[in-house]
Amino acid sequence: MSAPAIPANIPQPPAELQRVPLVANQRGFAWISDRVSSLCEDKAPFWWWVLFVPSFLCLCMLGFMLSYQISTGVGVWGNMHPVMWGWDIINFVWWIGIGHAGTLISAILFLLRQRWRTAVNRAAEAMTIFAVMCAGIYPALHVGRVWYDWWLFPIPNSNSIWPQFRSPLMWDVFAVSTYFTVSVLFWYMGLIPDLAVLRDRAKSKLRQFMYGLGALGWTGSNRHWSNYEKAYLILAGLSTPLVLSVHSIVSLDFAVSQLPGWHTTIFPPYFVAGAIFSGFGMVLTLLIPLRSMFKLQDIITMRHIDVMCKVTLATGSIVGYAYGMEFFIAWYSGSPFERFAFINRALGPYWWGYWTMISCNVIFPQLFWIKWFRQNLVAVFIMSILVNIGMWFERFVIIVISLHRDFLPASWGYFSPSKVDICTYIGTFGLFFTCFLLFIRFLPMIAISEVKGVTPQADPHHPMGGAKVEERIPDEEE
Amino acid sequence: MNGAAKPYGMIAEFTTAASVMHAAEKVRDAGFRKWDVFTPFPVHGMDHAMGLKNSKVGWFSFLGGVTGYTTGMLMIWFMNALDYPIVVGGKPMFSPYSAFPPSYELTILFGAFGSLFGMLFLNRLPRLHHPLLKNKRFALVTHDRFFVVIECDDPNYSETETRKLLEEAGSRHIEIIEE
């Protein structure tokens, strides 16, 4: 064989420009399978139970709160004239925003060939699904008579009336249910080869059967991989406009109304940026402890944390720009109601909500310009919690502050949440963490086959992938 | 269950991505039809090494997407303009603009179903039984090994010649799998 002659002295890039490998310590395929599968094969660690029991109790509280609300009525919530959308819609938008990072990581970063996504995409997609489940509870319950929820769907009913499709609330039904379904499909498709890994390692009959059922008879055939990769690419291509449309449509729930503070055209891009911002906040909140507790530092490396911090910084800055632009337009519009709505945000009775939002979303994330902050796990973890808090307050500012003082001073009011509001919200954390903890216990939380695919050993043209190096002219001194 | 098990094919094990890819090139050039390469992850360039054509999954997604969009538009037109017309804000009974967002979501929804189920259909999955999955050694395919499998049904298959070809390609472990 005549190997193409490679020049004897290939100039190596300087050390600071060389790429950090995605999987640290040159871990091989076997290590990746063993490490990730062991998380669902070994006994549950003590900390898992410490987290699971309170999460499950919170989930039970959610069940109790929802039963109480359904049997009594929405009056148990703090929603009261003029603030008819309170914590229910705040928490709906907050949870669904968190759900946006998963699809961003799995779809948009896939199309952008950001190969670092493989280490975090599975957990982020799971987070998306559970966050959308938490979000879905609120619109379903806030209608008051939940037994009529099916009227939201185009199902024939005895009155022969159909849903009214000019309403953005109707678009929302389609957007959120599509988002949930497609996220589950995408997640499951990614899981198929990894369920086959667990099936082939299974020791007990039950595990073999259950994982075998989920793996659908996957053999790793290249003819299958070929179709699989194409389908994955197309799903990524379909999910990209989906993820951008879902929060845009959520924002239209507000923007289509006439209310000052809601009636703005900047909402769709601003909501999408905020959603990605909060989603990355939650991904960091979840993965920073998990990578240490599960000893995954070689897969979720400091480079991964660094890149996610940069995405948080970028989206946080976009959100900051949107806050500034909203104020500018309120002034520039010349509408006294618009101007009042925004001055009332910053200086009105809820000034503390507004300034919490500004500091958590705009000011603190700017610290991520400094490398030390992106490399310090405690700092990143605290920042990720602040991002979650800030984004919750953003929805509070948009919904409650805009509603509590509208056109007529005679109809102004002040909103306070009820105990049921607070307990329901804590309950959704129970649902989220119960699902997430079960997920990390029974399913591979790292995309095993995808991580294998980004190692140098996986590349047939790389010396570590078995490419013959001895055929090349050795790199010797002149 | 009948005593004389029929042979399914010859499986050859490889340990690196490069070696299995070179083996695939050799098997492709030898003119085999019923054969396959099994890897723990998709190997870049393997489709070319096997001589595979571009996957047809895209057609299923496209059909799904077209169905979704048409369903959305027709459904909204039928419901709000034909079956039970409702005047909203004095606007026309049907407008493609307000019907677009739900139709767009349905395009994506049906397109996604088309991709997943198209992929499963083209791969003939789910399949609960496969001769290869009975083999202990083959279970390593999801771990860190690579396999080339040539089926006995292939017209070019011959027990000695095929074995020789795979040995020359660098496989250290070759065995015959039963149906």
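Predicted model: local features only at pLDDT ≥ 70, side-chain atom pairs only at ≥ 80, totals over all residues.
In helix H3 of chain B, the buried residues are Val57(B), Phe60(B), Ser61(B), Gly64(B), Gly65(B), Gly68(B), Gly72(B), Ile76(B), Met79(B) and Asn80(B).

An α-helix has 3.6 residues a turn, so residues three or four places apart point the same way. What covers the buried residues of H3(B)? The cover includes helix H8 (222-255) of chain A and helix H4 (96-122) of chain B.

Let me turn to the length of this helix. H3(B) comprises residues 57-83, and at 1.5 Å a residue these 27 residues should span 39 Å; the end C-alpha atoms are 37 Å apart, which agrees. Where does H3(B) bend? The bend is at Trp77(B), and its angle is about 25°.

I now move to the sheet of chain B. Four strands form an open sheet in the order S2-S3-S1-S4, and the pairing is antiparallel. Strand S2 (35-38) and strand S4 (173-178) of chain B are the edge strands, each pairing on one side only. From one strand to the next, the twist averages 20°. Helix H5 of chain B, residues 159-168, packs on this sheet and touches S1 (7-14), S3 and S4 of chain B. The direction of H5(B) makes about 15° with that of S1(B).

Consider strand S3 of chain B, residues 146-151. Four bridges join this strand to S2(B), and the two run antiparallel. Across that pairing, Val37(B) stands opposite Val148(B), and Asp36(B) stands opposite Val149(B). With S1(B), S3(B) pairs over six bridges, again in the antiparallel sense; here Met10(B) faces Ile150(B) as its opposite residue. Why is S3(B) described as largely enclosed by the rest of the structure? The reason is that five of its six residues are buried.

Finally, the nonpolar cores. The largest has 146 residues, and those with the most contacts inside it are Ile96(A), Ala101(A), Met127(A), Ala131(A), Val182(A) and Val283(A). Which helix gives the most to this core? That is helix H6 of chain A, residues 168-201, which gives 17 residues. Beyond its neighbours within four places in sequence, Ala131(A) is in contact with Trp95(A), Ile96(A), Ile98(A), Gly99(A) and Phe432(A). Another core, of 32 residues, lies apart from the largest one; among its members are Ala17(B), Phe38(B), Ala49(B) and Leu132(B).

Technical notes. Residues numbered from 1 in each chain as written. Chains lettered and ligands numbered in written order. Pairing = 2+ DSSP bridges. Axes fitted to C-alpha atoms, helices over the stretch in contact; angles between N-to-C directions. Contact = placed C-beta atoms within 7 Å. Core = buried A, V, L, I, M, F, W, Y, C linked by C-beta atoms within 7 Å. Buried ≥ 20, exposed ≤ 12 C-beta atoms within 10 Å, placed from the backbone. Expected span 1.5 Å × (residues − 1). Bend = angle between axes of the 7 residues up to and from the residue.
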